[in-house]
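Please keep the sequence and the structure in view while reading.

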Amino acid sequence: MNARWLDWVIAAGVAASLVTAGHPATGPGYALLAASGLALAARRTAPVAVLAATGLLALGYQATGADVPVIAFLFAVYSTMRAGHRVVTLVGSVLMLAALPVAALLSPRDLTTYEAFAQTRDVLQIAWLIAAAAAGEALRQAERRADEAERTREETARRRANEERLHIARELHDSLTHQISVIKLQAEVAVHLAQKRGEDVPEALVAIRDAGREAARELRATLEALRDDDKNPPHGIDDVAELVQRARATGLDAQLTIEGRNTDVPAAVERTAYRIVQESLTNIARHAAAATAQVRIDFRPDALLIRVDDDGKASPKTSEPGVGLLGMRERVTALGGSLQAAPRTEGGFTVQAELPVAQP
C-alpha cells in the first residue's frame, strides 16, 4: 500500500472514530467531525494547511456541543512536526489550547467557565500534544540521520571508486610506459643505425618510432591530468595563458579572452577549467587541422563559463566523442556543471562548459 492510500485509510478511520464518539450530535456536528478526520488525507502534502483546518473544525464541533477529543488535530501536530514546522506547530497548539474553552462556552450546553476549562482538559491534554509533537520530531530526526548516512555511503563509495580508478591509471601508466619505451628505443636505434649506414629507413620503422613517442607523451599527459599532489601542484585559471601561448607556438592562432574578475573560485573549479582548455587545445592540435582558436573565460557571480571555438574541419556529421571529451564531461558533471561539445554549423568545433561557483 503506497503512502497516498495509507493516508486515506487513516483519514477515513479517524473520521469514523470521531463520528462514532460524537453520538448523539447535531447534523452540523457530524459533518464537522467527519471533515476533521478526512482532512488528514492531505497531511503529507500540506501539513500546515491541515493543522489549521483540523484546529478550526475541532473548534467548530466543540461549539456545537460535541464533546469529542480532537484526535485529528493531534495527527496534524505530528505531521507538521515531522515536516519540520516547529514554530507553526507550537503557535497552533497554543492557540488551540486558548480557543477550546471559548468554543465550549459558545456551545448550547450552557457550561460554566470552570466546566469549559474542564472539558478542554478532557478533549485536549497537554501531554497528548507533547507526545504527538515528540513523535513527529523523533521520526524527522531519524529520517534525517538515515538520509545523511545514505549520502555519506554514496560519497565514500564514489571516493573509493575514484581512488581505484587513479590507482589503475597509474599502474597502467607504469606498465605501458615501460613497454612503449622499449619499443620506441629499439625503433630509434634501428633508424639511427640505418641512417648512419646510409641505408633507406623503412617507413614502417619511422612510423613505429613516431607512434612510440606520441604514445609516451599521451600517457604522461593522462597521468598528469589524474594526479594532483604536492610534487605536481594543481594548475588553475592563471595557467591558461601559458596553455594558449604554447598552442600559439605550434602555429595555431590562439586567442584568450577573460571577462570578469577571479574572486573566490574553488580550487576544484579552477583545475577543471584548466583541464577543459588543455584538452580542447590538444584536440584542436591533433585532430582539427584548424588555423585559429578562441578561448573565452567568463567569471560570473554564480558560475564560471569556459568556451573554446576553432575553425577546423569538424562538421555536424562528426562521429562519437573521444575519450578526452568523455573525461571532460565526467569532471564537469562531478562539480554539478554542464558541458556542451559539438561541431559548429559554420564549421569547426565548440566546447562550452558552465561550472557552478558556491557562494560564500
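Contact here means that heavy atoms lie within 4.5 Å. On that basis Leu281 touches Leu243, Val244, Ala247, Ala293 and Val295, with residues up to four places away in sequence not counted. The model is predicted.

**Nonpolar cores**

- In soluble globular proteins, nonpolar side chains tend to be buried together.
- The largest nonpolar core has 32 residues, and among these Leu281, Leu304 and Ile306 touch the most other members.
- At least two residues of this core come from each of α9 (240-249), α10, β2 (292-299), β3 (303-310), α11 (323-334) and β5 (349-356).
- Helix α10 gives the largest share of this core, namely seven residues.

- Thr272 lies in helix α10, which covers residues 267-288.
- Thr272 counts as buried because its relative accessibility is 5%, and buried means under 20%.
- Leaving aside residues up to four places away in sequence, Thr272 is in contact with Arg331, Val332, Leu335 and Leu355.

**A nonpolar patch on the surface**

- Trp5, Trp8 and Leu38 make up a nonpolar surface patch, and together they have about 360 Å² of accessible area.
- Leu38 belongs to helix α2, which comprises residues 27-38.
- Is Leu38 buried, partly exposed or exposed? Leu38 counts as partly exposed because its relative accessibility is 40%, and this class lies between under 20% for buried and over 50% for exposed.

Conventions. Residues are numbered from 1 along each chain as its sequence is written. This is a predicted model: local features need pLDDT of at least 70, side-chain atom pairs count only at pLDDT 80 or more; totals for chains, interfaces and linings use all residues. Side-chain values use heavy atoms; hydrogens and water are left out. Patches are made of residues with over 30% relative accessible area and no salt bridge: like charges are joined within 9 Å, nonpolar side chains (Val, Leu, Ile, Met, Phe, Trp, Tyr) within 5 Å. Accessible areas come from the Shrake-Rupley method with a 1.4 Å probe; for residues, only the protein chains shown count as cover. A salt bridge is a side-chain nitrogen of Lys or Arg within 4 Å of a carboxyl oxygen of Asp or Glu. Helices (H or I, at least four residues) and strands (E, at least two) are DSSP runs, numbered from the N terminus. Buried means under 20% relative accessible area, exposed over 50%, partly exposed in between (1.4 Å probe, protein chains only). A nonpolar core is a set of buried Ala, Val, Leu, Ile, Met, Phe, Trp, Tyr and Cys residues joined through side-chain atoms within 4.5 Å.
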